[in-house]
Amino acid sequence: MAGIIGYGVYIPKFRLEQKEAAIPWGSWSAGEKSVCGADEDVVTMAAEATDNAMKHAGIDPAQIGAIYFGTASSPYIEQYVSPILAEMLGLRPETTRIDYLGSVNGLANALLGCLDAIAAKRIKCGLVLGGEDRATAPGTEGDANFGAGAMAMVIGTTGTIADFEGMHTYSTLFLDRWRSVKDAWVSNLNDNRFDREYGYQKHVSEACKGLLEKLGRKAQDYTYAVFAQPDERIPTLPAKDLGIQKDRLAPGIASIVGDLGSCSSFISLARILDKAKADETILFGSYGSGASNAMSLVVRNQIEQKRKKLVPVEKYINRKQNITYTNYLRIKEHLKRGPY
Amino acid sequence: MSQPAPASPMFWRFNAEVFRLVGIKCKDCGHISYPRTKICHECGSQKIEEYKLPKRGTIHTFCVNWAPPPQFEPPILPVIVDLEGGGRYGGIMTECGSPDEIKIGTKVEMVFRKVLTERGLNVYGYKFRLAGEG
Amino acid sequence: MRGKVAVIGVGMIKFGELFDKSLENMIQEAYLNCLKNVEKGIDPKEIKAAWFGQWSGGFIGQGAQSGHSLTSMIGNREIPCTRLENACPTGGDTFRHACLGVASGMYDVVLALGAEKMRDKPSAESLGGAGGGGGAETGNHPAWMIGQGGPAIQAMHATRQMYELGYTMEDYARVAVKNHHNGTFCPYAHYQFEVTIERVLNSPVICWPLHLFDCCPQTDGAAAAIVCRADLAKKYTDKPVYVLGSNVGTDHHQLWDRDSFVEQQSTVKAARGAFEMAGIKPKDVDFAELHDCFTNTELMNIEDVGFVRKGEAARRLKDGEFDMHGKLPINPSGGLKAHGHPIAATGLGQIFEVVTQLREEADKRQVKLKNGIGLQQNVGGPAFGVAVVNILSRSP
């Protein structure tokens, strides 16, 4: 099966203390979240993540057969953003460009699309990108805890640092987050227990169980378990179902940079890969909009050699500058100047 | 009077320049021109080759603009940068909290950012950030 | 050019925020003042061609103006007229074309007039589009044009002048002090009040290192000149002023193609060519009206025209050399700093001053004349890549 040849991440510099966006509206949220600058969006974030990934992978853009972009924060309802990144790389018109939109499982689906194309031998190498900077409304849960970030992975079969051994998806009709074309923000019902247990927990656990059955493995066999992280405690729920010890779980990131949507499971994965050693194994589960993609990865030797070309997640986590809630409101355009 | 809109042919013609920083280098006098041109602006020669602008450089000069056009929050920091290996590029700084952070000679690098939005379309281009952040 | 062309009349209106005057009002007033200024009188029908300087066209809401706009407004539609635009040098270049019209032998008597209405829009809006940078209307991609209007570009020169030549913000402020002082003696200046160095340095920062008082104001104005064959001049006046040299210099139109940010090659070339045409050297010039759109620009212009070596201007300014009664008066009218910069009118307003000084009719701001030679210069456009220099003399 194919694997990751190289990867790169990006997290914006600006941070807001989550409580600043919660307390004025009578609620509470702990930790900090990353905030895009006024001149950033998923395209600009993905651009830097892509530069990092290309340097890490060490391949020529001409080798890329297709580019897949997954996000729930595209600036457009009609008009893909993958062509913008393709233009930046100078990809030929023969390269397919596809956006996977409308779900925070988008990046995981983009990866699935790429792997399917490689397995079908339609392409040899693909670029899988994701970014998140979801639209929010003041006073909503998301406005306090949605963060921003981007991820890029070069996927192929030669020179990989980690390979995918298997993939299993589990999806139902489950409405935990949504945004209609008429809304300028993402909504949820604030029925946290229902969403957490019947949404996230159920789908991640079932996807992983299905995968483990396919591969004839046990969850405890894995060195690491990386699950989507809308908050830092929720991964313990499927971990309990699967019998995974807490110390195997990827470290918390949601209270540092917020809920990174599509990118949350992948940036957590990157953080593990930044330090992982050859032959270690990773159980991975994404989640978004009633769907979870579970994957099994095994780390290869190449990872050590390529590490010097890597820009680690830690670098972006440590580069930070706090902003005020007023600044945040202006950047998100919740506060606007009078038209005239 | 109005500027061509983002979806117009002018924007499309400049794709290689704007997204990949493609300019030209004169084979006769070595001058680097950006955007691309068929006649060297410096010496008039037609012997030219494509040249991709490097993304790193040092600040040659700058100012602190407290009266920028309406869609920009003041202050903005326009810079002229001496690029590594030759050539210059003019742009503005981003993520630069205070004018005290830059002076002539400061090392900077280009980053891909959203310049403005018009008719619902985002216009992207390169701005400069202090080197070493990414 | 030398020996072929003479100025027989000049006219201008008081520059300012002329809210109750339209473009046409200003043009007619400047034109009539110019006719009256011809000492022995002139029949308007003797003017056989005209050049109309007008920079902004449709940009500041004046409606696009063409050559025939001028001939209609002056009530003489029997003559050819072309509208001319060459960025900030528009006025000086309109004068140059009028001189070329005569020097070519095609016409005996011609009119050059420049007018600009800047203040039908708030200052901040006309500042954004005008003033040497061209702003966003040059047609280049917005990613390359952000924040690069005239003030930002001159400010970038000012930063470099401080770094390479050791100039200070105080040096720049000193230019404003001198020019404001000179302006108090000129009835045509927009601003007629003194400033101190403190006032300049304490004014709001527009584009560091330039403050509000380092920048010329946004102003309305119009100015004109009537030019004729040198050998016919005495028919109209006993004090004709002769054109010795008239030249435009061009340089790069893209900021990042330029080599140095402490000199503007466009001015250097315009001046070099004009001096060559005139057959004289910078030291032969008694006084000059230079393009001080910003205070640091005046220092750069003094050096670029060739009056002093690069890096010397600030010290000599401090020593008083460029004061109205100094060794080489610069901007005895008060310059753009006191007059403002109604773009197409500016150069012709400077010609008005040079001619008035050479005729010794400058009243309280009269400079001492030795050789009877004065110089006018403008510079501007994208990357400040175009400049004009006219050299005039009271003897042919």
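Domain bounds come from an automatic or database domain assignment. Under this assignment, chain B is divided into domain 1 (1-53) and domain 2 (54-134). The C-alpha centres of domain 1 and domain 2 of chain B lie 20 Å apart.

The structure is a predicted model, in which local features need pLDDT of at least 70, side-chain atom pairs count only at pLDDT 80 or more, and totals for chains, interfaces and linings use all residues. Residues are numbered from 1 along each chain as its sequence is written, while chains are lettered from A and ligands numbered from 1 in the order in which they are written. The predictor assigns the complex an ipTM of 0.93 and a pTM of 0.92.

The two domains of chain B touch. Contact here requires that the C-beta atoms of two residues, placed from the backbone, lie within 7 Å. Eight residues of domain 1 of chain B are in contact with eleven residues of domain 2 of chain B. The domain 1 side of this boundary has eight nonpolar, no polar and no charged residues. In this classification, Ala, Val, Leu, Ile, Met, Phe, Trp, Tyr, Cys and Pro count as nonpolar, Asp, Glu, Lys and Arg as charged, and the others, Gly among them, as polar.

Chain B also meets chain C. Here, 33 residues of chain B are in contact with 30 residues of chain C. Several elements of chain B give two or more residues to this side: β4 (56-62), β5 (64-65), β6 (78-83), β7 (88-92), β8 (107-118) and β9 (121-130). β7(B) gives the most, with four residues. Helices (H or I, at least four residues) and strands (E, at least two) are DSSP runs, numbered from the N terminus. By class, the chain B side has 24 nonpolar, seven polar and two charged residues.

Strand pairing, which requires at least two DSSP bridges between two strands, links these chains. Two bridges join β5(B) to β5 (residues 205-208) of chain C, and the two strands run antiparallel. B:Val64 stands opposite C:Trp208 in β5(C).

Chain A contacts chain B as well. In this interface, 17 residues of chain A are in contact with 15 residues of chain B. On the chain A side, α1 (42-57) and α2 (82-89) each supply at least two residues. α1(A) gives the most, with four residues. This side has six nonpolar, four polar and seven charged residues.

Confidence was examined for chain C. Its pLDDT (the predictor's confidence in each residue, from 0 to 100) averages 93, and 95% of the residues score at least 70. Over residues 129-138 of chain C, the pLDDT is below 50. Beyond near neighbours in sequence, this stretch has 39 contacts in the model.
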